[in-house]
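Visitor: I have a model open and would like to go through its side chains with you. Could you put it on screen?

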Amino acid sequence: KIKKLYETEIVYKIYFLINGPFQDKYGNLSWKPIVAFDFDRELFNKINWKNFLNSDLLKVAKNVNWFRPVK
């Protein structure tokens with residue numbers, strides 16, 4: 001989807017903040033940040049999209065920040 005976005009829109013840099021479900025010890029579910037990263041056009045242009053594995057996205061993304069759930 002990132003590839004399609006950069007191909008179809010005039011985008012230079014995107015900041016992604018990915019949220020996920022967390023459950024506390026009482027069974028309450030809430031959505032909290034898991035990881036954040038930057039992705040810019042320079043990086044987009046470096047990637048060989050034909051051979052690129054989606055699972056490698058965070059290996060090449062810029063300013064990757066993993067969050068720990070707050071208890």
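Visitor: Which residues form a nonpolar patch on the surface?

Guide: Y15, L17 and F67 form that patch, with about 300 Å² of accessible area together. A patch takes residues with over 30% relative accessible area and no salt bridge, joining nonpolar side chains (Val, Leu, Ile, Met, Phe, Trp, Tyr) within 5 Å and like charges within 9 Å. Accessible areas come from the Shrake-Rupley method with a 1.4 Å probe, and for residues only the protein chains shown count as cover.

Visitor: What should I know about the source of the values?

Guide: This is a predicted model, in which local features need pLDDT of at least 70 and side-chain atom pairs count only at pLDDT 80 or more, while totals for chains, interfaces and linings use all residues. Residues are numbered from 1 along each chain as its sequence is written, and side-chain values use heavy atoms, with hydrogens and water left out.

Visitor: Where does L17 lie?

Guide: L17 is in strand β1. Strands (E, at least two residues) and helices (H or I, at least four) are DSSP runs, numbered from the N terminus. L17 is partly exposed, at a relative accessible area of 41%; buried means under 20%, exposed over 50%, and partly exposed in between (1.4 Å probe, protein chains only).

Visitor: On to charges. How many salt bridges does the structure hold?

Guide: There are 6, where a salt bridge is a side-chain nitrogen of Lys or Arg within 4 Å of a carboxyl oxygen of Asp or Glu. One of them joins D38 and K13, at 4.0 Å from N to O. This pair links distant parts of the chain, with D38 in strand β2 (residues 29-40) and K13 in strand β1 (residues 13-23), 25 residues apart.

Visitor: Why does D38 count as buried, and why does K13 count as exposed?

Guide: D38 counts as buried because its relative accessibility is 11%. K13 counts as exposed because its value is 56%.

Visitor: Which residue forms a salt bridge with K46?

Guide: E42 does, the closest N and O atoms being 4.0 Å apart. Both residues lie in helix α2 (residues 41-46), 4 residues apart, about one turn of the helix. K46 is exposed at 61% relative accessibility, whereas E42 is partly exposed at 47%.

Visitor: What meets E42 in a salt bridge at 3.4 Å?

Guide: The side chain of K62 does, with the 3.4 Å taken from N to O. K62 lies in strand β3 (residues 62-66) and E42 in helix α2, so the pair ties together parts that are 20 residues apart in sequence. Salt bridges that share partners join D40, E42, K46 and K62 into one network.

Visitor: What about the backbone of N63: is its phi positive or negative?

Guide: Phi of N63 is positive, near 55°, in a residue other than glycine. Most residues other than glycine have a negative phi. N63 is in strand β3 and is exposed, with a relative accessible area of 59%.

Visitor: Last topic. Which residues line the second largest pocket?

Guide: The lining consists of K1, I2, K3, W49, F52, N54 and L57. Of these, N54 lies in the loop between α2 and α3 (57-60) and is exposed, at 69% relative accessible area.

Conventions
On a 1 Å grid over the protein atoms alone, a cavity is a set of points where a 1.4 Å probe fits but cannot get out, and a pocket is an open set with protein on both sides within 12 Å along at least five of seven lines; lining residues have an atom within 4 Å of a point.
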